[in-house]
There are 2 protein chains.
Amino acid sequence: MGKLARGIAVVGAGMSKFGAFPDKTGRELMVEAYIDARNSVDNGIDNKDVEAMFLGNFSSDIFEGQGHNGPLMADWVGLTPKPVTRTEGACASSGVALRAGIMAVASGLHDVVCVSGMEKMTDLPTARVTDALAAASDVSYELPVGATFPGLYATIATAHMKKYGTTIKQLRMIGIKNHNNGKLNSKAQFPVTIRELMEKRIAKLKEKGEAVPSWKDELDFLEDPQSNPVVAWPLRLYDCSPITDGAAVIFLAAEEVAKKYTDTPLHIIGTGQGSVQPALHDRADITTILAAREASKEAYKMAGVKPEDIQVAEVHDCFTIAEIIATEDLGFFKPGEGGKAAEEGITTRDGEKPINTSGGLKSKGHPVGASGAAQVVEIWKQLRGEAGPRQVPGVELGLTHNVGGTGGTCAVHIYRR
Amino acid sequence: MGKLARGIAVVGAGMSKFGAFPDKTGRELMVEAYIDARNSVDNGIDNKDVEAMFLGNFSSDIFEGQGHNGPLMADWVGLTPKPVTRTEGACASSGVALRAGIMAVASGLHDVVCVSGMEKMTDLPTARVTDALAAASDVSYELPVGATFPGLYATIATAHMKKYGTTIKQLRMIGIKNHNNGKLNSKAQFPVTIRELMEKRIAKLKEKGEAVPSWKDELDFLEDPQSNPVVAWPLRLYDCSPITDGAAVIFLAAEEVAKKYTDTPLHIIGTGQGSVQPALHDRADITTILAAREASKEAYKMAGVKPEDIQVAEVHDCFTIAEIIATEDLGFFKPGEGGKAAEEGITTRDGEKPINTSGGLKSKGHPVGASGAAQVVEIWKQLRGEAGPRQVPGVELGLTHNVGGTGGTCAVHIYRR
């Protein structure tokens with residue numbers, strides 16, 4: 001137990017543009033991502049080599065009225081009649097798809113598989129999307145009392161603030177940082193910095209001849225209720241990831257065949273997954289996610305590396321507080337010190353521990369079933385030195401951390417170039 | 001490729017009662033199945049040994065308003081914080097969960113896992129259940145023109161009748177046979193024979209002083225529109241599987257640890273999975289399911305056995321025509337000869353090729369996400385000689401065939417005692 005029967009490598013990774021695309025279906029987004037991933041394979045990859053597909057998807061059932069998406073996606077990317085399995089772990093749906101794909105190859109059943117994620121969320125009105133997402137809570141207890149995810153994460157945030165003294169400023173710093181990164185990502189839904197948003201707003205107010213508040217920096221701007229309304233205190237609009245359409249695709253190969261596709265694969269040296277009770281009231285402590293601690297413990301152990309060895313990580317920042325807790329659960333910082341680390345700039349692109357260089361879910365967008373796979377796309381680019389203007393120099397060891405719900409599911413993976 | 005890195009055995013299998021349970025939630029049904037499965041393990045199994053859970057579920061999202069069921073189920077059976085992954089392939093959701101579980105153990109990541117399936121369908125009104133199931137068709141094309149599953153399978157049936165001369169009588173014989181089997185299954189939703197239904201109806205008519213039609217046998221009774229109304233011609237009520245609540249659980253172990261749990265495990269000697277376009281209009285031939293042919297080809301090859309070697313099989317009889325096509329796709333009978341075989345009694349319990357001794361989906365019930373796992377429960381009982389009054393004597397080689405939608409997904413597994 002706990003050791004893969006054979007090594008696994010990522011040999012290609014790509015994604016669709018993330019955003020709101022009223023004219024595209026989920027299947028079209030998947031095709032866009034699949035082509036992008038195929039184009040990323042150095043020596044090319046033929047569909048005849050791809051033996052199976054895994055699809056992370058939270059709920060096209062609700063979002064598009066389309067269940068049984070697996071064979072549909074396989075058909076649209078040209079893989080019929082090969083096996084395709086959809087996996088679901090709420091917003092960790094493609095994180096667990098990655099683990100399923102790893103097991104498929106390690107098991108000996110397959111040599112090359114496609115791991116994908118897709119969500120088409122913007123067909124529904126926003127309020128219905130929030131309700132659909134709330135299906136990932138414990139609906140026997142949480143939803144009936146009016147708790148949707150912004151409220152649940154706000155509860156987590158206030159608990160973290162009370163226990164550790166985490167501040168509003170620290171939350172906002174996460175959003176500022178991730179937008180700074182996303183600005184440099186052409187696939188991001190909101191490639192814009194908070195400073196730019198502030199300047200735009202100032203220009204707008206001037207144009208209208210209205211009074212311009214005396215914001216000395218983005219932090220001031222983010223406390224302005226007109227610019228950044230409260231969603232669920234202490235979380236404001238720019239503490240929350242957006243509603244997004246998008247897809248992402250990864251090709252996995254057994255180590256012994258990986259060289260056929262590329263000389264610089266990413267070796268998946270660690271995989272971990274854990275669970276915890278979906279309902280917050282069932283947990284001993286809501287300032288940490290047990291599933292994430294279990295997943296990272298397993299992944300580190302398999303990889304034989306420590307948190308301090310990780311050079312670049314994509315973590316699940318569905319809300320700003322989630323990134324703070326993620327960096328603690330992963331052992332990057334001690335419990336209660338994730339906020340301080342963000343405030344000190346340790347997690348910026350040029351900091352000691354760059355987090356969410358892609359822009360994270362916050363700026364890049366959060367098509368829930370695709371987010372885990374899209375994290376791998378960023379690590380693929382970073383470790384291969386292909387991340388362009390947002391490249392962190394010389395990184396060779398990366399990590400992805402993908403959470404479902406308020407932590408009911410978590411998948412962690414570690415990659416080495 | 002195509003060979004498991006290590007052998008896998010079933011060491012326990014159990015299920016909840018199938019039926020309509022307005023007072024139970026999906027999580028309660030899962031607990032019932034889990035306890036039944038634990039009780040089936042000869043030497044007992046402790047939760048600390050169970051390293052991960054796989055959950056087949058089509059759409060609790062729609063049926064119960066509960067997404068992200070994995071961690072909920074893991075919690076209710078006491079497996080938190082272990083990894084749990086939901087898989088979905090429409091009505092083949094737990095067939096593909098079984099394959100995911102096999103890969104998890106063969107990969108070396110786990111030694112013992114729990115594979116489960118659950119669906120709680122009866123909370124919604126029947127019409128909404130039919131709509132929910134229709135989400136497993138291609139909703140861009142099939143649903144908007146009014147096609148739900150009875151209509152789609154009726155289309156398949158008429159095509160099969162036209163191409164091969166399959167008869168109404170042959171369809172009805174499947175229903176009669178499966179109810180004869182289900183009568184002997186205490187877990188079945190409708191443990192009643194068609195003959196008993198006929199006698200009940202005759203008694204009722206006499207009681208009311210109404211004229212009793214001159215039915216000479218069940219076949220006559222089944223053509224009576226009052227007793228057996230047309231759902232979508234040629235399919236009548238007793239050609240259709242019911243709407244069901246239920247759950248089923250299987251424990252898988254690596255061969256080298258299986259003996260800890262039982263001296264008579266079932267060895268999984270073959271696994272196969274395939275896909276095809278969900279929309280009927282996209283397929284070259286709708287009288288056969290390509291996904292099933294691909295899945296069975298892979299499973300037979302791995303197992304090193306031929307269709308004629310299989311001694312007992314549970315196949316996906318969501319509609320009577322589906323069983324006929326299944327027995328052809330599996331190679332038990334030549335294309336077009338499945339109906340004739342049923343008519344000749346070859347697939348009855350004491351026939352040459354007993355099919356659906358459990359009562360099949362038709363009589364046992366069809367909680368869609370649980371049906372694939374429940375098929376394994378029957379094979380577990382048959383191959384171990386524990387099937388009681390419905391035991392087929394001396395069987396050692398069995399097969400399960402689980403289909404999603406009109407065939408978009410199919411998983412086939414082969415077991416040897």
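Helices (H or I, at least four residues) and strands (E, at least two) are DSSP runs, numbered from the N terminus.

Now, some housekeeping, friends. This is a predicted model, in which local features need pLDDT of at least 70, side-chain atom pairs count only at pLDDT 80 or more, and totals for chains, interfaces and linings use all residues. Residues are numbered from 1 along each chain as its sequence is written, while chains are lettered from A and ligands numbered from 1 in the order in which they are written.

As for confidence, pLDDT is the predictor's confidence in each residue, from 0 to 100. Chain A averages a pLDDT of 97, and 100% of the residues score at least 70. The model as a whole has an ipTM of 0.97 and a pTM of 0.98.

Let's start with helix 11 of chain A, residues 290-303. Its 14 residues reach 20 Å from the first C-alpha to the last, close to the 20 Å expected at 1.5 Å a residue; the expected span here is 1.5 Å times one less than the number of residues. Is this helix mostly covered or mostly open? Mostly covered: ten of the 14 residues of helix 11 of chain A are buried. Among them are A:L290, A:R293, A:E294 and A:Y300. So what does the covering? For the buried residues of helix 11, the cover includes strand 8 (266-275), helix 12 (320-329), strand 10 (397-404) and strand 11 (409-416) of chain A. Just after the helix, A:G304 takes a positive phi of about 65 degrees.

Staying in chain A, have a look at strand 1, residues 8-15. Eight of its eight residues are buried. Strand 1 has two partners I'd like to show you, and I'll say that two strands pair if DSSP finds at least two bridges between them. Seven bridges join strand 1 of chain A to strand 7 (residues 245-254) of chain A, and these two run antiparallel; there, A:A9 stands opposite A:A253. Strand 8 of chain A is also antiparallel to strand 1, with three bridges between them, and here A:V10 faces A:L266.

Over to chain B and strand 2, residues 52-56. Five of the five residues of strand 2 are buried, so this strand is largely enclosed by the rest of the structure. In a regular strand the side chains alternate between the two faces of the sheet. In strand 2 of chain B both faces are covered, with B:A52, B:F54 and B:G56 buried on one side and B:M53 and B:L55 buried on the other. Strand 2 of chain B pairs in the parallel sense with strand 4 (residues 112-120) over five bridges, where B:L55 stands opposite B:S116. Strand 2 also pairs in the parallel sense with strand 3 of chain B, over four bridges, and B:G56 stands opposite B:T87 there.

Keep B:T87 in mind, please, as we cross to the other chain. Strand 3 (residues 84-88) of chain A and strand 3 of chain B run antiparallel and are joined by three bridges. Which residue of chain B is the bridge partner of A:T87? B:T87.

What about the contact between the chains? It takes 59 residues from chain B and 59 residues from chain A, two residues being in contact if their C-beta atoms, placed from the backbone, lie within 7 Å. On the chain B side, the elements that each supply at least two residues include strand 3 (84-88), helix 4 (93-106) and helix 11 (290-303). That side divides into 25 nonpolar, 24 polar and ten charged residues; Ala, Val, Leu, Ile, Met, Phe, Trp, Tyr, Cys and Pro count as nonpolar, Asp, Glu, Lys and Arg as charged, and the others, Gly among them, as polar.

The same surface serves both copies, as 100% of the contact residues of chain B recur in chain A.

Definitions and conventions. Buried ≥ 20, exposed ≤ 12 C-beta atoms within 10 Å, placed from the backbone.
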